[in-house]
Amino acid sequence: METVIYYFTGTGNSLWAGRKLAEQIPDTSLRPMAPLVRNGGRVRPDAERVGNVCPVYFLGLPSLAARFAGMLGLSGTRYVFAAVTMGGIGGTAALRQLDGILSRNRKELDAGSAVKMPGNYVVGYSPPDPAKQEELFRNAGEQLAGFAETVKAGKKARPGPAVFSGLIHAVWYPRFIASLPGSDREFTVSDACTSCSTCVQVCPVENITLEAGRPVWHHRCECCLACIHTCPVEAIQRGKKTAGRARYRHPAVSLPDLKGQQKG
Ligand SMILES: Cc1cc2nc3c(=O)[nH]c(=O)nc-3n(C[C@H](O)[C@H](O)[C@H](O)COP(=O)(O)O)c2cc1C
């Protein structure tokens, strides 16, 4: 059975998770969501088994991943699964959100897994130290291997209730989504900027251009924070709290890998 896994990532955790699944599920191709969302229209996967892998944002799906799920035409699909990566909480609420979107197209999420990975929301906290990251990768690898077996066996593993996080999601998430595109007004760039254009190239939604050698954000931000985390000289800050905090990228995901997300 052919499988296609669609992914969205800011700092590589979800791409790594997608790769882990693709390594273990035969005949799987891995494709970025972002160019498909940019092109618009219905996405009809040429596979009987379809997976979605993305991060958790504010106890829900990234806006782009939610829009992508709504674009999926799954009439030829037999099995739908998803893995969401998260710093700590909200995975079940995000999976249930995805299930709700699919149900509008008379499909359901057959299996979902919420995988704990290093949190990358540097606006709120520092990423975990390297030893803690290693532990998270080890545990995540084991969890994903088990989830790949579930998928291969075609078993059901539907997300359970998310009472507490579901409630917070209901209150918080709509506000987050509404503020998202313009949230890039809070980005600043210092004189350390070398005009290398890494930020331009890693932005999955092509929201950044260089003007007079400096990044300019164009208010269609997804808040993935790839720009801030990958700047080689840490010239980009968001608000006042990110200065001095460590930056993060999954160590097995390269800059060219992240740049590849812009292309279909
Ligand atoms: C805007 C934003 C919101 C986030 N919200 C949550 C959250 O609600 N719960 C959580 O556990 N982690 C949250 N995180 C952390 C990410 O879900 C986590 O680090 C994820 O693995 C990043 O995946 P990526 O490397 O594929 O972008 C958030 C990160 C960002 C950038």
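Predicted model: local features only at pLDDT ≥ 70, side-chain atom pairs only at ≥ 80, totals over all residues.
Residue numbers start from 1 along each chain as its sequence is written.

Two packed helices are described by the angle between their axes and the distance between the axes. Here, helix α3 (residues 63–71) and helix α4 (residues 91–103) have axes that come within 8 Å and cross at roughly 30°. Axes are lines fitted to C-alpha atoms, for helices over the stretch in contact, with angles from 0 to 180 degrees between N-to-C directions; helices (H or I, at least four residues) and strands (E, at least two) are DSSP runs, numbered from the N terminus. On the α3 side the contact involves Ala-66, Ala-69 and Gly-70, which meet Gln-97, Leu-98, Ile-101 and Leu-102 of α4; contact requires C-beta atoms, placed from the backbone, to lie within 7 Å. Sorted by class, this contact has five nonpolar, two polar and no charged residues. Ala, Val, Leu, Ile, Met, Phe, Trp, Tyr, Cys and Pro count as nonpolar, Asp, Glu, Lys and Arg as charged, and the others, Gly among them, as polar.

Helix α4 also holds Ala-94. Ala-94 counts as buried because it has 31 C-beta neighbours inside 10 Å; the cut-offs are 20 or more other C-beta atoms within 10 Å for buried, 12 or fewer for exposed, and partly exposed in between, with C-beta atoms placed from the backbone. Leaving aside residues up to four places away in sequence, Ala-94 touches Val-56, Leu-59, Gly-60, Leu-61 and Val-84.

Now for the ligand. Its shell takes at least two residues each from α1 (13–24) and β4 (79–86). Of the 25 residues around the ligand, Gly-10, Asn-13, Ser-14, Pro-55 and Met-86 come nearest, with "near" meaning a C-beta atom, placed from the backbone, within 6 Å. The shell splits into 13 nonpolar, twelve polar and no charged residues.

Next, some backbone angles. Arg-106, in the loop between α4 and β5 (111–116), has a positive phi near 55° despite not being glycine. Arg-106 is exposed, with 8 other C-beta atoms within 10 Å. Ala-212, in the loop between β7 (208–211) and β8 (214–217), has a positive phi near 50°, and is exposed with 6 other C-beta atoms within 10 Å.

Definitions and conventions
Contact = placed C-beta atoms within 7 Å.
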